[in-house]
Amino acid sequence: VQEPDGAWVVLVGNGDNAPPNSARSGQACVVRIPIESPVQTQTLCVNVGDSTHLNGMTAVAPIDTNQDQRVDRLYAADHYGDIWRFDWQNATQKWQLSLAGKPLFKNPQPFSSDLEVGLNTLSGRTGVVVYAGTGRWLDEEDLYPNYLATLPNHYLYAVFDEISANNAANPSVTLPIVHTDLLEQIADLNTQTSSNFTLTPAYKG
């Protein structure tokens with residue numbers, strides 16, 4: 001992708017279960033690799049995870065919020081079930097962890113697949129919708145039947161993140177957003193054909 005300063009870079013997560021002997025032991029990080037000088041690789045880490053409880057950033061989704069054909073925001077998900085936001089800082093010409101170091105979204109299940117992001121307008125407010133699905137198939141505890149016994153259901157989430165002029169968090173939203181803050185929709189198998197299902201809204205209160 002191309003950054004606002006014109007540099008072309010590769011932005012990836014540091015992978016499943018970040019090695020405990022790495023510079024940021026066991027933490028989840030976004031890895032920035034400049035195309036023209038890959039030896040100058042940088043890591044953007046969150047302070048979640050350690051050498052005993054390994055974390056890892058598995059998905060990074062860049063987006064161009066001001067539509068100038070250059071990426072100015074990143075969303076990244078980790079094995080602790082957090083979705084993080086990084087914004088480009090024009091003053092320093094660098095990426096920075098946003099939202100006062102808090103995750104945008106937090107849930108009790110891991111993320112291990114790609115995120116999808118897109119610009120959208122909700123009730124007159126412009127923002128980014130982050131789509132993410134939970135689940136993991138990595139360690140022995142993930143195997144059937146142990147995993148199903150402890151976490152029987154997995155979820156697809158769509159989280160709206162409003163765009164503000166200074167990249168500040170919406171003061172009316174308590175961060176991190178958690179799964180109980182969202183409107184739930186239930187996928188029920190159609191009794192007539194097993195290949196179809198319907199989404200049934202489940203409203204609170």
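Guide: Begin with the surface. The accessible surface of the protein comes to about 11,900 Å², and 52% of that belongs to carbon and sulfur atoms. Keep in mind that the model is predicted.

Visitor: How many helices and strands does the protein have?

Guide: There are 14 strands and 1 helix.

Visitor: What share of the residues count as buried?

Guide: Of the 205 residues, 36% count as buried. For contacts, look at sequence separation: among those with a separation of 6 or more, 52% are between residues 24 or more positions apart.

Visitor: How many salt bridges are there?

Guide: The general idea is this: side chains of opposite charge can pair when their charged atoms come close. Here the count comes to 7 salt bridges. One of them joins the side chains of Asp87 and Arg73, with an N to O distance of 2.7 Å. Asp87 is in strand β6 (residues 82-89) and Arg73 in strand β5 (residues 73-78), so this pair links parts of the chain that are 14 residues apart.

Visitor: Are Asp87 and Arg73 buried or exposed?

Guide: Asp87 is buried, at a relative accessible area of 1%. Arg73 also counts as buried, with 1% relative accessibility.

Visitor: With which residue does Arg85 form a salt bridge?

Guide: The partner of Arg85 is Asp161, and their closest N and O atoms are 2.9 Å apart. Arg85 lies in strand β6 and Asp161 in strand β11 (residues 156-162), so the pair ties together parts 76 residues apart in sequence. Arg85 counts as buried at 1% relative accessibility, and Asp161 counts as buried at 6%.

Visitor: Which residues are linked in a network of salt bridges?

Guide: The network links Arg73, Arg85, Asp87 and Asp161.

Visitor: What about the salt bridge of Asp82 and Lys106?

Guide: The side chains of Asp82 and Lys106 meet at 3.0 Å, N to O. Asp82 is in strand β6 and Lys106 in strand β8 (residues 105-106), 24 residues apart.

Visitor: Next, the nonpolar cores. How many residues does the largest one have?

Guide: A core is read as a set of buried nonpolar residues joined through their side chains. The largest nonpolar core has 18 residues, and those with the most contacts inside it are Tyr75, Ile83, Leu104, Phe105, Phe111, Leu115 and Val130. The elements that give two or more residues to this core are β4, β5, β10 (125-133) and β11. Take Val130 as a case: leaving out residues up to four places away in sequence, Val130 touches Tyr75, Ile83, Leu104, Leu115, Glu116, Val117, Tyr157, Ala158 and Val159.

Visitor: Which residues does the second core include?

Guide: The second core is separate and has 16 residues, including Leu44, Val46, Val48 and Val71.

Visitor: Where is Val48 placed?

Guide: Val48 is in the loop between β3 (42-45) and β4 (57-63). With a relative accessible area of 17%, Val48 is buried, because the cut-off for buried is under 20%. Apart from neighbours within four places in sequence, Val48 is in contact with Gly26, Gln27, Ala28, Asn55, Tyr80, Asp82 and Trp84. Asp82 in that list is the residue that meets Lys106 in a salt bridge. The C-alpha atoms of Val48 and Cys29 are separated by 9.5 Å, and these residues are 19 apart along the chain.

Visitor: How many aromatic pairs are found?

Guide: Aromatic pairs are read from the distance between ring centres and the angle between ring planes. A search of the whole structure finds 3. Trp88 and Trp95 form an edge-to-face pair, 5.4 Å centre to centre, with 80° between the planes. Both Trp88 and Trp95 are buried. Elsewhere, ring pairs link Phe105, Tyr155 and Tyr157 into a cluster.

Visitor: Which side chain joins Trp95 in a polar contact?

Guide: That of Glu3, in a polar contact of 2.7 Å. Glu3 is found in the segment before β1 (9-13), and counts as buried at 0% relative accessibility. Neighbours within four places in sequence aside, Glu3 is in contact with Val9, Arg32, Arg70, Val71, Trp88 and Trp95. Both members of the edge-to-face pair, Trp88 and Trp95, are thus contacts of Glu3.

Definitions and conventions:
Residues are numbered from 1 along each chain as its sequence is written. This is a predicted model: local features need pLDDT of at least 70, side-chain atom pairs count only at pLDDT 80 or more; totals for chains, interfaces and linings use all residues. Side-chain values use heavy atoms; hydrogens and water are left out. A salt bridge is a side-chain nitrogen of Lys or Arg within 4 Å of a carboxyl oxygen of Asp or Glu. Helices (H or I, at least four residues) and strands (E, at least two) are DSSP runs, numbered from the N terminus. Buried means under 20% relative accessible area, exposed over 50%, partly exposed in between (1.4 Å probe, protein chains only). Contact means heavy atoms within 4.5 Å. A polar contact is a pair of N or O atoms within 3.5 Å; within protein, one must be able to donate a hydrogen and the other to accept it, and residues adjacent in sequence count only if both atoms are side-chain atoms. A nonpolar core is a set of buried Ala, Val, Leu, Ile, Met, Phe, Trp, Tyr and Cys residues joined through side-chain atoms within 4.5 Å. Rings of Phe, Tyr and Trp (its six-membered ring) pair if their centres lie within 6.5 Å; planes under 30 degrees apart count as stacked, over 60 as edge-to-face and the rest as tilted. Accessible areas come from the Shrake-Rupley method with a 1.4 Å probe; for residues, only the protein chains shown count as cover.
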